Structure formats: C-alpha cells, structure tokens
Amino acid sequence: MQIANILTMGKRINLLGVISASLLLYLSLSNEPWWTLKGGSETECTLIAEISPFMFNIQILGKPLTIPAIPYLNLAAKLVMLLAALTTLTGSLLPTKPWTKPLISLKGLALPIIFIAGTIVALKIAGSQIGIDLPLAGNFAISYTINEVNAEIPAATCITAEYWIACIAGVTSVLAKVLQGKALALSQKVQQPAKQWSVISL
Amino acid sequence: MLFLGPIIFVLNQYNWNISPLLQPEYSPPKMGFNVNAGEVKAEADKLIIICELENYGEIKAELYEVQATAYTLNHEALAQVCLESPVVLQPNSRKDAALTMPLNDSVNQKMLSLFQEANETTIKVTGQAGLKVMGSKVTAPFEVSFQLKMEDLTGLARD
C-alpha cells in the first residue's frame with residue numbers, strides 16, 4: 001500500500017498511467033518502424049521493409065510497393081492509440097474517481113502482441129512463397145533465379161527499439177490499471193472512517 | 001469503434017470490394033543491358049577486346065566480373081576471357097569495358113590457324129557476368145561476338 005501511495009503521489013496522480021500514456025502518445029505520433037528488413041549492402045539497399053502498426057514502407061529496387069488498405073489501417077491504429085493514450089492520461093490524473101478505472105486502456109499491451117504475432121505469420125507466408133526461412137531478427141540471404149539470371153541479396157531483419165518501447169508501454173498500462181484499483185481502494189478506506197465520524201457527530 | 005472510421009471510409013471508396021484493397025501494387029524499375037564488341041588490340045601476352053556496354057535501365061549497375069571463354073566458329077575453345085577492371089554504369093549510359101584474353105603459344109597457334117582460309121574470323125565469347133545492383137550480386141549470361149582480322153594479329157605473327 002505504501003508503494004501504491006508513492007506511485008500515486010498520495011492518491012493525486014497515477015504515475016504509471018502517465019508514463020504509459022506518454023509512451024503511447026509518443027509511439028502513435030512517431031513514424032519510426034517497429035520491425036525492419038534491409039537487403040543489400042550497407043550503402044545501397046535492394047529491398048527495404050519498415051513496418052509498424054502506424055507506418056508501412058516497402059521498397060524494392062528503389063520503387064515503393066503499396067497496398068491500398070494499409071494507410072487506412074495505419075490511420076485506424078493511430079486513432080485507437082491516440083484515444084487510448086488520452087483516456088489513460090485522463091484516468092491517471094483522477095486516480096480516486098471510481099469512474100476513471102475503465103479509462104486506463106490495455107490496448108497498449110494488445111498492440112505489440114498482435115503486431116509480433118502478425119509479423120511472424122506474414123514472414124512464414126512470405127518465406128513459404130520464396131522458399132526460404134525469413135527470421136524475425138537476424139541475418140540471412142535471399143537468392144533467386146529468373147531466366148538464367150541469378151541474384152543473391154544479403155539481408156537482415158531486426159526488431160527496433162520502438163517495439164520494445166511499445167512493450168514497456170503495454171506492461172506499464174497493465175501496472176497502471178492495477179495501481180488505479182489500489183488508489184481507489186485507498187481513497188475509499190480513507191472516506192469510510194470519515195463517514196463514520198460524521199454519523200457519530202450527528 | 002473509432003478505428004472503424006478510416007476502414008469504412010476506404011471500403012466505401014472501393015465500393016465495398018475488398019479484393020483490390022488488399023492487392024499489392026508495384027511497378028519494377030526498367031532494367032536492361034546491351035554489349036557490343038568494338039576494337040580488338042593484340043599485345044605481347046594478351047588480346048584486349050573493347051566492349052561497349054549500354055545500361056538502358058533506370059538503375060546504376062557495376063560490372064565487376066566476367067568469367068567467359070572465347071570460342072571459334074567451330075566451337076573450339078580458345079582461351080579464358082576476363083574483365084580487366086570493374087565498370088560502373090549509370091542509368092541510361094554507355095561505357096567501354098576491356099576484356100582480356102591471355103595469349104600463349106598454343107592460343108597463338110590456334111588463332112593463326114584460323115586465318116589459313118580467310119582474312120577474318122568471328123570469335124564468340126560466352127560465359128557469366130557478375131554485376132552489383134543496389135547492393136545485390138547478380139550473375140547473368142554474357143555473350144559477345146567480335147571480328148578478328150589477320151592484321152589484328154600481325155604483331156603476334158612477327159613475335
């Protein structure tokens with residue numbers, strides 16, 4: 001209870017909620033990828049894939065590959081995360097109000113889990129199409145032959161720092177929800193003796 | 001429910017037809033190369049074949065290796081042919097590349113014997129070319145033919 005009291009600054013602010021909301025806000029407004037694939041040399045890239053729930057950039061031989069639905073799905077994800085950040089922030093600033101507990105959103109935890117699961121499935125499908133194992137993170141080589149022309153592309157995939165920030169935001173939002181419950185319980189405990197005193201004085 | 005807004009909007013734009021919405025769109029850059037043989041020079045220990053390379057594509061490429069064999073019209077192998085130095089080809093440009101064919105007594109004899117009936121003959125060079133394209137290594141078939149005249153080898157005959 002003492003930790004809860006410290007983390008809510010004496011039941012005034014849910015600090016974990018504020019941290020979670022700030023991270024969610026940063027993630028939804030940042031255009032940094034969560035996962036990248038780079039094929040080619042250090043100076044020139046044959047293939048670039050930069051993906052996050054909020055952005056999508058695939059370039060093959062310097063030309064973009066687009067899927068019409070993707071920008072709208074990115075926008076939808078951005079709106080959901082912005083709303084989750086704002087509700088979490090509102091809830092965190094009023095930790096003793098019973099109606100604010102549902103405002104602490106857990107979408108920040110769901111998104112990195114859905115994203116990584118989706119990426120693994122997409123890599124499995126893409127790998128089976130081109131006949132190689134595409135790792136979630138690591139180095140590999142793509143080689144293919146078309147009409148006697150053989151190409152070999154050294155490639156590397158990696159999960160970026162942004163993804164880990166998203167995971168931290170997700171875990172923090174869960175802890176913030178727990179803390180919000182504790183803050184409410186603390187405030188109700190304080191209010192109950194006060195009510196009893198007022199009944200006695202009457 | 002907020003996320004449904006952009007999704008409903010785009011579905012409406014495509015008349016609720018999901019298939020074109022999920023169809024990837026990509027137009028690859030134009031790529032293509034031409035090789036034409038030009039001047040042939042004989043030196044004491046090698047034959048230098050100058051080739052004009054044309055990159056009519058949209059991507060820069062570097063020809064860094066040629067592993068080929070020179071053949072006579074009778075499909076008799078003469079010698080190995082290799083690239084003297086790498087050549088960088090900018091998009092829509094032409095550049096000369098020097099191929100070298102090492103000469104020794106056996107090759108010289110074979111070549112001089114080609115001119116017993118005619119003053120010039122066709123030499124065909126076939127093999128593989130190694131290219132670097134945007135950080136990838138590409139191996140492609142390489143073929144070029146050139147006319148070799150008796151006078152190109154006069155230096156050799158004298159030697």
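This is a predicted model: local features need pLDDT of at least 70, side-chain atom pairs count only at pLDDT 80 or more; totals for chains, interfaces and linings use all residues.

Residues are numbered from 1 along each chain as its sequence is written, chains are lettered from A and ligands numbered from 1 in the order in which they are written, and side-chain values use heavy atoms, with hydrogens and water left out.

**Exercise 1. Find out where A:Trp35 sits and what it touches.**

Step 1: Start with the element. A:Trp35 belongs to strand E1 (residues 35–40) of chain A; strands are DSSP runs of E with at least two residues, helices are runs of H or I with at least four, and both are numbered from the N terminus.

Step 2: A:Trp35 has a relative accessible area of 4%, so it is buried (buried means under 20%, exposed over 50%, partly exposed in between, with a 1.4 Å probe and protein chains only).

Step 3: Look around it. Leaving out residues up to four places away in sequence, A:Trp35 touches several residues, among them A:Ala49, A:Phe115, A:Leu136 and A:Thr157 (contact means heavy atoms within 4.5 Å). The C-alpha atoms of A:Trp35 and A:Thr157 are 7.4 Å apart, although 122 residues separate the two along the chain.

Step 4: Follow the side chain. The A:Trp35 side chain reaches the backbone oxygen of A:Leu136 at 2.7 Å.

**Exercise 2. Work out whether B:Val35 is buried, exposed or partly exposed, and name its contacts.**

Step 1: B:Val35 lies in strand E1 (residues 33–42) of chain B.

Step 2: Its relative accessibility is 24%, so B:Val35 counts as partly exposed.

Step 3: Setting aside neighbours within four places in sequence, B:Val35 is in contact with B:Cys51, B:Glu52, B:Leu53, B:Phe142 and B:Val144. For B:Glu52, which is 17 residues away along the chain, the C-alpha separation from B:Val35 is 5.8 Å.

**Exercise 3. Describe the largest nonpolar core.**

Step 1: Count its members. The largest nonpolar core has 39 residues (a core is a set of buried Ala, Val, Leu, Ile, Met, Phe, Trp, Tyr and Cys residues joined through side-chain atoms within 4.5 Å). B:Leu47, B:Leu99, B:Met101, B:Met111 and B:Leu148 have the most contacts inside it.

Step 2: See which elements supply it. Those of chain B giving two or more residues to this core include strand E2 (46–55), helix H3 (105–114) and strand E8 (136–149).

Step 3: Look for another. A second, separate core has 31 residues, including A:Trp34, A:Ala49, A:Leu65 and A:Val80.

Step 4: In soluble globular proteins, nonpolar side chains tend to be buried together.

**Exercise 4. Locate A:Leu29 and say whether it is buried or exposed.**

Step 1: A:Leu29 is in helix H2 (residues 15–29) of chain A.

Step 2: With a relative accessible area of 58%, A:Leu29 is exposed.

**Exercise 5. Inspect the backbone angles of B:Asn15 and B:Trp16.**

Step 1: B:Asn15 has a positive phi of about 55° despite not being a glycine. B:Trp16 is not a glycine either, and its phi is positive too, near 60°.

Step 2: B:Asn15 lies in the loop between helix H1 (4–13) and helix H2 (18–22) of chain B, and B:Trp16 is in the loop between H1 and H2 of chain B.

Step 3: B:Asn15 is exposed at 66% relative accessibility, and B:Trp16 is exposed at 52%.

Notes
A polar contact is a pair of N or O atoms within 3.5 Å; within protein, one must be able to donate a hydrogen and the other to accept it, and residues adjacent in sequence count only if both atoms are side-chain atoms.
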